[in-house]
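Please open the structure in your viewer and keep the sequence panel beside it. The tour begins with the chain as a whole and then moves to single elements and residues.

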Amino acid sequence: MAVGEFAQQVIVANRDELGVLASNVNQTSEQLGLLYQEVEARTAELARSVGELEALGELSKAVNSTLDLDTVLRTIVAKAVQLSDTDAGTIYVFSGTRQQLRLGATFGMSDELIAAIFDQAIGLNDLGIGDAAWRRAPVQVPDLSEGTPSAVQKIVLGAGYRGVL
């Protein structure tokens with residue numbers, strides 16, 4: 001137990017005081033093992049929370065340090081990708097006059113992919129991004145190859161991404 005081997009059992013075949021003691025040691029070892037796993041899980045959760053708080057602090061600093069919308073959006077999407085542990089991210093900006101979304105900022109995407117989706121017109125009725133804007137809620141597509149992907153989703157799928165949120 002001293003080295004963290006909580007599965008190790010003390011075997012005493014008789015039922016006298018040594019047998020009872022061995023049984024108690026085994027139960028204690030099992031309970032310690034469970035507590036140790038719980039502490040490790042909570043420690044990992046706390047470390048993740050600290051990382052998220054640090055990223056949010058950096059984001060807050062960056063947003064408060066400039067009035068340049070492009071810089072703010074790039075910072076937000078970069079931190080969102082970091083916090084969500086994803087490969088890439090985009091922010092779309094809604095034009096009320098055109099009733100369309102346009103690409104506002106990206107992170108983790110190739111220049112070729114950005115160029116391919118930059119000129120795509122996305123309306124509020126379009127699958128995925130349009131749905132999310134219309135509902136004002138997240139929309140997840142776990143597998144882009146299933147169903148009928150939108151034009152942007154086809155481009156993203158062609159670039160090797162499999163799911164979007």
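Predicted model: local features only at pLDDT ≥ 70, side-chain atom pairs only at ≥ 80, totals over all residues.

**The whole chain.** Zoom out and show the protein chain as a cartoon, where 5 helices and 3 strands can be picked out, following the pattern α-α-β-β-α-β-α-α when read along the sequence. The radius of gyration of the protein chain is 26 Å, well over the 15 Å that the globule rule gives for 165 residues, so the chain is more spread out than a compact globule. Along the principal axes, the C-alpha atoms fill a box of roughly 85 × 45 × 30 Å. If you colour by burial, buried residues make up 24% of the 165 residues, and among the contacts with a separation of 6 or more, 36% are accounted for by residues 24 or more positions apart.

**The surface.** Switch to a surface display, for which the accessible area comes to about 11,800 Å², with 55% of it belonging to carbon and sulfur atoms. Colouring by charge brings up 12 positive and 21 negative charges, whose mean positions are 10 Å apart.

**Helix α5.** Return to residues 151-158 and show the side chains of V152, Q153 and V156, which are buried. Why do these residues lie on the same side of α5? They cover an arc of only 95° around the axis, which puts them on that shared side. An α-helix has 3.6 residues a turn, so residues three or four places apart point the same way. Then step just past the end of the helix to G160, which takes a positive phi of about 105°.

**Strand β2.** Next select residues 100-107, the strand β2, and within this strand pick L103. Is L103 buried or exposed? L103 has a relative accessible area of 7% and is therefore buried, the cut-off for that term being under 20%. Leaving aside its neighbours within four places in sequence, display the residues in contact with L103, which are T90, I91, Y92, I114, I117 and F118.

**A last distance.** Finally, draw a line between the C-alpha atoms of L103 and D143, which lie 40 residues apart along the chain and are separated by 22 Å.

Definitions and conventions: Residues numbered from 1 in each chain as written. Heavy atoms only, no water. Buried < 20%, exposed > 50% of the residue type's maximum accessible area, 1.4 Å probe, protein only. Helix = DSSP H or I, 4+ residues; strand = E, 2+ residues; numbered from the N terminus. Arc of directions from axis to C-beta. Contact = heavy atoms within 4.5 Å. Rg over C-alpha atoms; globule rule 2.2 N^0.38 Å. Areas by Shrake-Rupley, 256 points an atom, 1.4 Å probe, with all protein chains shown as cover. Lys, Arg positive; Asp, Glu negative; His and termini not counted. Charge placed at Lys NZ, Arg CZ, Asp CG, Glu CD.
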